[in-house]
Each structure stands twice: as structure tokens, then as C-alpha cells.
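This report covers the nonpolar core and the aromatic rings of one structure. Please look at the model first.

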Amino acid sequence: MHVAYRDERERKHTLKYGEGCRKLYKNTGKKRGGLWWTYVLTLIFKIAVDGTFVYLIYHIYEGYDFPSLIKCEQKPCPNKVDCFIARPTEKRIFTIFMVVTSLACILLSFFEILYLVGKRCKECFTHIHQSRNHTIKSRQVVMATSLVIGGKNRMESNSLKLPSKGASAPSYSQVSISL
């Protein structure tokens with residue numbers, strides 16, 4: 001439903017501003033921003049509803065077993081009467097089926113939340129890692145450039161200068177080599 005809304009909004013935006021305009025969404029089918037949070041909160045709500053159902057069934061019937069006979073003392077019964085439940089085995093089977101289905105939905109919803117959160121964390125760490133790699137690469141380029149430029153200057157300043165006519169050669173004790 002939300003993807004259809006995004007598609008329609010993108011279509012109206014394109015009609016209004018033309019084909020070459022900036023897109024509103026990179027990918028209308030991706031869960032981003034409000035759609036992601038809405039989906040995760042829906043899953044949490046679904047887990048809460050299914051969990052409440054399982055809890056209430058367990059406490060109402062004191063387990064998941066239906067008795068075939070109940071002693072009734074409430075109105076309209078005049079005294080303690082035996083009340084037989086119709087088809088207790090059928091009701092037990094369907095109740096157990098509903099409880100198992102609810103537990104499977106809880107488990108799948110929980111795994112889906114873990115998947116969504118894990119995927120989002122992976123995207124964030126990948127983005128941080130890429131930003132860090134980009135920063136390191138730009139630093140390496142700057143350092144390499146400065147070494148090349150600085151190396152040229154050092155080479156020019158440390159180059160061996162030929163002595164002019166009449167100058168004596170330096171002695172070994174006076175020569176220093178700098179790297």
C-alpha cells in the first residue's frame with residue numbers, strides 16, 4: 001500500500017516538473033524512514049496481539065485442554081448441574097492449531113525484526129566504513145602528493161652543488177648527508 005502511494009506521488013511529481021526533474025525516492029519499493037519504522041512497529045504490535053491471545057487462552061482454560069464435563073452453579077441453573085461441552089476433542093484440536101500458528105507467527109515476526117535491524121545496522125556500518133575508507137584514501141593522496149612535491153624541493157636543496165673555480169674541495173669531516 002505504501003509503495004503504491006510512493007509510486008503515485010513520484011508519478012505526480014514527474015508530471016508536474018517534467019521528466020528531467022529530481023526523483024523523490026531512490027527506490028519506491030525500499031523500506032526507508034517512516035515506512036521502515038511503521039513496518040517494525042506493526043511487527044511488534046502483531047507479536048503483542050498474538051502473545052496476548054496465547055496467554056489468555058492458556059489462563060482462561062487453565063492450559064490448552066478442554067474438559068468434557070463442567071459442574072455449573074451459575075444462573076440460570078437452579079443448583080449444581082453437569083454441563084457437557086459439545087465436541088471437546090474438536091475444540092481442543094482447533095485451539096491447539098491456533099496456538100501453534102500464533103507461536104509460529106510470533107517466532108517469524110521476531111526473526112523478521114532481527115533481520116530488518118541487522119540489515120539496517122549492516123548498511124550503517126558499511127556506510128561508515130566507506131566514509132572512513134574515502135577519508136583514508138584522500139589522506140593518502142594528500143600525503144603522496146606532499147611527499148612528491150616535498151621530495152622535489154628536498155632534492156633541489158640537497159643536490160650536489162659544483163664548486164666554483166678556485167674553491168677547494170670540502171673535507172670529509174665537513175660533509176653531512178641529510179635524508
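Is Phe111 buried, partly exposed or exposed? Phe111 has a relative accessible area of 47%, so Phe111 is partly exposed; buried means under 20% relative accessible area, exposed over 50%, and partly exposed in between (1.4 Å probe, protein chains only).

This is a predicted model, in which local features need pLDDT of at least 70, side-chain atom pairs count only at pLDDT 80 or more, and totals for chains, interfaces and linings use all residues. Residues are numbered from 1 along each chain as its sequence is written, and side-chain values use heavy atoms, with hydrogens and water left out.

The whole structure holds two aromatic pairs. Rings of Phe, Tyr and Trp (its six-membered ring) pair if their centres lie within 6.5 Å; planes under 30 degrees apart count as stacked, over 60 as edge-to-face and the rest as tilted.

| Pair | Centre to centre | Angle between planes | Type |
|---|---|---|---|
| Trp36 and Trp37 | 4.9 Å | 90° | edge-to-face |
| Phe110 and Phe111 | 6.2 Å | 50° | tilted |

Trp36 is buried, at 8% relative accessibility, whereas Trp37 is exposed at 52%. Phe110 is partly exposed, with a relative accessible area of 43%.

Trp36 also belongs to the largest nonpolar core, together with Val40, Leu43, Ile113 and Leu116. Such a core is a set of buried Ala, Val, Leu, Ile, Met, Phe, Trp, Tyr and Cys residues joined through side-chain atoms within 4.5 Å. Leaving aside neighbours within four places in sequence, Ile113 is in contact (heavy atoms within 4.5 Å) with Val40, Leu43, Ile44 and Ile47.
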